[in-house]
Amino acid sequence: MLVDAVAEQNQLAGVGLGLRWEFLDDVLDRDQPIDVAFFEVSPENYMRRGGYYPEALERLGESYRFVTHGLTLSLGAVDPPAADYLDELQREVRRLNSPWHSDHLCLSTAGSLVLHELLPLKLCEATAQRCADRLRAIQDRLGVPMAFENISWYAHPGAQELSEADFISLVLERSGCGLLLDVNNVYVNSLNHGFDAAHFIAQLPLDRVMQLHIAGHFTRDDGLVIDTHGARVIDPVLKLLTSTVESTGPVPVLLERDNNIPPLPDLLAELNVVRRAYDAGLAASRGRP
Amino acid sequence: MRSLEDAIADLTLGPLLDADDKLAVDTWLSRHGVEKHDAEQLRNGGLKRLMVYRRLVRANLRSAVQVAIPRVVARMGALFDEYFDRFLAERGPRTHYLRDVTTEFLDFCTGHWETDPRVPAYMMSLARHESVVIELNAMPVRSTEFVTPELTLDNPVRFIEATRLMKHDFAVHELSESDSDRTAPAERPVALFGYRSPEHTTRFLELTPMAAELLRRLLAGSPLGNALNDAAKALDIPLTQPVIDGSARVLADLAERGALLGTELRTEQGTTNAAR
């Protein structure tokens, strides 16, 4: 299954954009397709529904490729996701012809409660094993390769037994799934928890990176940095992207913007900035022995 | 591990826990059976940092409801937050779809608001009227297979999926769309037919009593002839030619609006008379 994903990954290598309803019409109204490698879609926004948005997505699908990225699989929860939810998700991933599906290495449900937020997991071997088992089961169910994303986290729940890098590596090793490495999340965590972001990334098995995410963040008055996806990507994060791509080589990179979404031309200008950082990483990658 | 998960859910959705109140924290840890070494970390500062998730979770859920029922949130003010807090603590969101959290919230409030003298009697009607817009916008598309446009008395009628027949005791549909308006709606029974137009706009039609009784039966799957007879009987009016003509006009109007597809050619039991 991962062999297929590698072929798709090569096809989609480049910079894509998280599809948001705020600029959906602007994209559809353009005479020529915009220059994006792909659009990333949150399937929960389109599952089990009709109306304008699924129809618009179908029209977009005539000109663009989609990659699905979910929000509520709650990979680290004790209970598995409900069967009917997985059925709907499978249908949506197939409908969008996504080459893989990803979700977050986090807790977003507790029993039958759905928290609609990405909460941190207890970093220990038992959780890593549960996440790996869950990922393999979901991958079998969805019929496409799975990848998981490292989250921004602001506090650790309980006694931490593994470092985050070791935890991620363990889940990768035991699940056989891919990594969606969010460069901005690493940067945010490095500020909040006081570590070197580049060193953190160097500890990860970068040959398992299926996709990269990049976004902006916000610093609160008390100094806590929150991953808002509501601002431009700052230079240190772009540099981190470049150095990461230098190691990974060509991969799909996604610019996420969920809040304070600017007009489409501004977003496309930012996409070009991200593309330059990505290209610089690729150029350096080619020069590596 | 479940104990930690339950504790986090309670921390984010439940009553506010004072992280500086040692007794309250100990009670919270022990109520959820959090293991000793995890409890130790939480006591030693971990809990305070974890509280940031309480704000994130609640802000996200509240904004989803605010988008769906802005006028209700504005009119209720602090009372809305009181009930929203109760909803989070006593039931909590169960849906994977953020758009459905409002319906869960209103289902929770039904029964509570009716008996709370602080909540105006029309508020639930207004809330349902506001929230149905998102519900209708998102309803799945129904297949047009096994439908013929001509209506026949012996067969059920097929509507698009995105329809809703609503009865209110207040004319909430006549209120201004402005969040700052505090006018109370007129108290009178109204029946509204809501549907999603082919242009993806939610529209409402106020129905006569006969049209409401007829559509209620048709939406439940009654054959057209039975629905007409039963609707007239329910209202204790004779099924005269003008009543039949009026009903025909209502159905023709709905067909023209794209809300009524035609005669159902297949039921759960098999094909209908019209398909044979």
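**Entry 1: a hairpin in chain B**

I began with strands β4 (residues 187-196) and β5 (residues 202-207) of chain B, which pair in the antiparallel sense over six bridges. The model is a predicted one. I looked up B:F193 and found B:L205 in β5(B) as its bridge partner. Between the two strands of this hairpin I counted off five residues, and B:H200 there takes a positive phi near 65 degrees.

**Entry 2: how chain B is divided**

I noted three domains for chain B: domain 1 covers 1-50, domain 2 covers 67-138 and domain 3 covers 139-275. These bounds come from an automatic or database domain assignment. I then looked up the centres of domain 1 and domain 3 of chain B, taken over C-alpha atoms, and they are 52 Å apart.

**Entry 3: chain A overall**

I turned to chain A and found ten helices and twelve strands. Its C-alpha trace spans about 55 × 45 × 45 Å along the principal axes. I checked the radius of gyration, which is 18 Å; a compact globule of 289 residues would have one near 19 Å, so the two agree. Of the 289 residues in chain A, 51% are buried. I also looked at contacts in chain A between residues at least 6 apart in sequence, and 79% of these join residues at least 24 apart.

**Entry 4: the barrel**

I traced the barrel in chain A: eight strands close it in the order β1-β2-β3-β4-β7-β8-β9-β12, with parallel pairing. Neighbouring strands of this sheet are turned against each other by 30 degrees on average, direction ignored.

I picked one strand pair to follow in detail. Strand β2 (residues 39-41) of chain A runs parallel to strand β3 (residues 66-69) of chain A, and three bridges join them. Opposite A:E40 I found A:V67 in β3(A), and the bridge partner of A:V41 is A:T68. I then asked which way the residues of β3(A) point. A:F66 and A:T68 point one way, A:V67 and A:H69 point the other way, and all are buried.

Next I looked up what helix α9 (residues 235-248) of chain A lies across, and noted β8 (178-182), β9 (209-214) and β12 (252-255) of chain A. The helix runs at about 170 degrees to β9(A).

**Entry 5: where chain A touches chain B**

I looked up the contacts between the chains: 28 residues of chain A are in contact with 39 residues of chain B. On the chain A side, the elements that give two or more residues are β5 (107-110) and β6 (113-119). β6(A) gives the most, with six residues. By class, I recorded 16 nonpolar, seven polar and five charged residues on this side of chain A.

Most residues other than glycine have a negative phi. I therefore wrote down exceptions, given that most such residues have a negative phi. A:N97 has a phi near 55 degrees, and I placed A:N97 in the loop between α4 (83-95) and β4 (101-104) of chain A. A:H116 also has a positive phi, near 55 degrees, but A:H116 is found in strand β6 of chain A.

Definitions and conventions. Residues are numbered from 1 along each chain as its sequence is written. Chains are lettered from A and ligands numbered from 1 in the order in which they are written. This is a predicted model: local features need pLDDT of at least 70, side-chain atom pairs count only at pLDDT 80 or more; totals for chains, interfaces and linings use all residues. Two strands pair if DSSP finds at least two bridges between them. Helices (H or I, at least four residues) and strands (E, at least two) are DSSP runs, numbered from the N terminus. Axes are lines fitted to C-alpha atoms, for helices over the stretch in contact, and angles run from 0 to 180 degrees between N-to-C directions. Two residues are in contact if their C-beta atoms, placed from the backbone, lie within 7 Å. The radius of gyration is taken over C-alpha atoms; the globule rule is 2.2 Å times the number of residues to the power 0.38. A residue is buried if 20 or more other C-beta atoms lie within 10 Å of its own, exposed if 12 or fewer, and partly exposed in between; C-beta atoms are placed from the backbone. Ala, Val, Leu, Ile, Met, Phe, Trp, Tyr, Cys and Pro count as nonpolar, Asp, Glu, Lys and Arg as charged, and the others, Gly among them, as polar.
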